[in-house]
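Open the model in your viewer and keep the selection panel at hand. The tour stops at two ligands in turn.

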Amino acid sequence: MITIEMSEVRDNSSRLREIITNTHLRAWIGKMAAMCQPDRLVLCQGGAAERRELFAMGVSQGVFIPLNQEKLPGCYLHRSNPNDVARSEASTYICTPLQAMVGPTNNWMDSKVAYIRLQELFGDCMKGRTMYVLPFVMGPIGSRLSRVGVQLTDSLYVAASMDIMTRMGDRALHVLGESAEFARCLHSVGDCDPRRRYICHFPLDNAVWSFGSGYGGNALLGKKCMGLRLASFQGFQQGWMAEHMLISGIREPDGNKSYVTAAFPSACGKTNFAMLIPPESYRKKGWQVTTVGDDIAWMWVDDTGKLRAINPESGYFGVLPGTSETTNPIAMRTISHDTIYTNVALLPDGDVWWEGKTAYSPAPATAPIVDWQGNPWTPETGRPAAHPNSRFTSPMQNNPILDPAADDPQGVPVTAIIFGGRRASTIPIVYQAFNWSYGVYVGASLGSETTAAATGRVGVVRRDPMAMLPFIGYNIGDYLVHWFRMRAKMADPPRIYHVNWFRRDEHGKFIWPGFGENIRILEWILKRSHGKAYAVETLLGWMPRPDDINLDGLELDTQAFAAAQRVDAEALKAELLAEEELFLKLAGELPKEMIFMRELLISRL
Ligand code: GTP
Ligand code: SPV
Ligand code: MN
């Protein structure tokens, strides 16, 4: 890292001109520093030594608590402000000159008004603080879709996290060269007052100004802000797609390798699916899953008409509660070293704990367990020890099943697209859309129970089109039209499916075992996509007969699976009415294909 004094910025010193040769970048940094008035700037260059230095600085400032370095080498605990533990959708804005550009599902602010309001907040906000300058690339270096961003932030936690989550440092400056094309990402934690929290996107300026939060998607601006909201708008303009999707590779026993992408809303199973370990019976036969990405896919159609995908990120910001040796052994290995743990409980021996890590709460030891807020905790406390949205930040290189193509600029071809939600009732485990257009309708009408990943009520079903409701950076009507139109570019479009791992029985128990066993559903999905599996036509789409899914070794028998697949006509009618919530909002923006698809579905009823 290179320290730059404010006087050098003011004078545009020759040293500064040597350090940052790009005139556009230097001018922008100069302007932002003049507004924020930090004591000094620190340019991050990337690399292992610098990462160690960032952690050491964080430890001395109390930002990071070192964990037991024998058990968890290179691991640190971070506690966020208790009012800052998840994405704040209510404080998230798309700022444009015209409200019509952002559509009915986004918060809108006039861009001029937004800049004025934010200039007031950012003015002098870094007095006494350091401004970290973080150049980063989203996407494998050299990919046609890869894009440069530069984040300015006063948070050391954000700097260390961006180093893990993106390709950060000198190589980004190298990719940028003398170009003016980079996402301008300005961030300050401010005083972390939720009433003065603004996550503002300026798609027309390729810029994000985020104030008042240091957490996840609000603060790591390469992720949801640039990687989804700005990128989705660029994709719309330039003919590609930015989606809230995992990407995984599956090798079948015949040696064939396919890639699928899957869009599930926040905290609905993408990381787990991307790191899936098939049960032993499948592994023995030769099934193997590898991870390309766990949260974001950027996709384009190549010269042969095939949809291809890259993961723009280089790390994982994953949910901890529910993660264990049984549910996700790959995540457990991934987070066993060089990982930031945010908002988990601290055990007396410097290990960490969260709900679901072990079957039982950790036994009270000689010294107290400390909860995510730093207070003493026992199983009797009656509050969770870890925050329900506690997370890990790990480099993708930690992942023992990282796909060899994870860093490939050419990306991977997409055979199937899977949509999924968290639904206790009504929605079957799996079905296939009849075709691309109906698949777009299926994705657009996706419903899911809300989770702790965003502030607000948890467990209420809401429409979350393509799992992108909080992340579409422009008008949702245009977004859906874009999805329908992508079909025309493709010679052989991916098949589209819908899954629901979360259906419950009358006792409230999950019917489907989930996690590694999801390979059984994936097996059918791949066979269908390759024209090798049978399916029955139903109201909702193509479905496997219960015999078409391998249930060997499961407690669940064919009859129980059939029950889990049942589509109740009355429940489906209620579902169609619930979809009206979205359709009414969209009103004038609704693409006609959506209306046709809905009419056809109703006619089948
Ligand atoms: P974001 O990072 O917020 O976008 O979430 P994600 O989609 O990557 O979700 P993740 O895989 O982290 O899963 C969230 C929660 O769902 C965790 O508590 C998991 O244990 C749980 N979960 C994941 N897959 C399954 C499954 O197949 N069945 C069940 N019952 N729970 C699951
Ligand atoms: C999500 O909420 O979908 C996440 C976590 O992946 S965050 O980065 O906080 O948005
Ligand atoms: Mn996500």
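How many residues surround ligand 1, and which are the closest? The shell holds 22 residues, and the closest are Ala 267, Lys 270, Thr 271, Pro 321 and Arg 391; a residue belongs to a shell if one of its heavy atoms lies within 4 Å of the ligand.

Before going further, note that this is a predicted model, in which local features need pLDDT of at least 70, side-chain atom pairs count only at pLDDT 80 or more, and totals for chains, interfaces and linings use all residues. Residues are numbered from 1 along each chain as its sequence is written, chains are lettered from A and ligands numbered from 1 in the order in which they are written, and side-chain values use heavy atoms, with hydrogens and water left out.

**Stop 1: ligand 1**

A backbone N or O atom of Ala 267 is 2.7 Å from an oxygen atom of the ligand. For Lys 270, a side-chain N or O atom is 2.7 Å from an oxygen atom of ligand 1. The polar side-chain atom of His 244 is at 3.4 Å from a ligand oxygen. On its own, ligand 1 has 660 Å² of accessible area, and the protein covers 93% of it (Shrake-Rupley method, 1.4 Å probe).

Next, colour by secondary structure (DSSP runs, with helices H or I of at least four residues and strands E of at least two, numbered from the N terminus). Helix H10 (270-274) and strand E19 (315-319) each supply at least two residues of this shell, and H10 gives the most, with three. Colouring by domain, as bounded by an automatic or database assignment, shows at least three shell residues from each of domain 2 (243-314 + 407-604) and domain 3 (316-396).

**Stop 2: ligand 2**

Move to ligand 2. The residues around ligand 2 include His 244 and Arg 391, along with Arg 87, Ser 266 and Phe 471. Pick Gly 217: one of its backbone N or O atoms lies 2.8 Å from an oxygen atom of ligand 2. Then pick Lys 224, with a polar side-chain atom 3.0 Å from a ligand oxygen, and Asp 295, where the corresponding value is 3.4 Å. Taken alone, ligand 2 exposes 280 Å², of which the protein buries 98%. Helix H8 (216-219) and helix H9 (222-238) are the elements giving two or more residues to this shell.

Why does ligand 2 lie between domain 1 and domain 2? Both domain 1 (2-43 + 89-238) and domain 2 (243-314 + 407-604) give residues to its shell, so ligand 2 lies between them.

Terms used: Polar contact = N/O pair within 3.5 Å; in protein donor to acceptor, adjacent residues only side chain to side chain.
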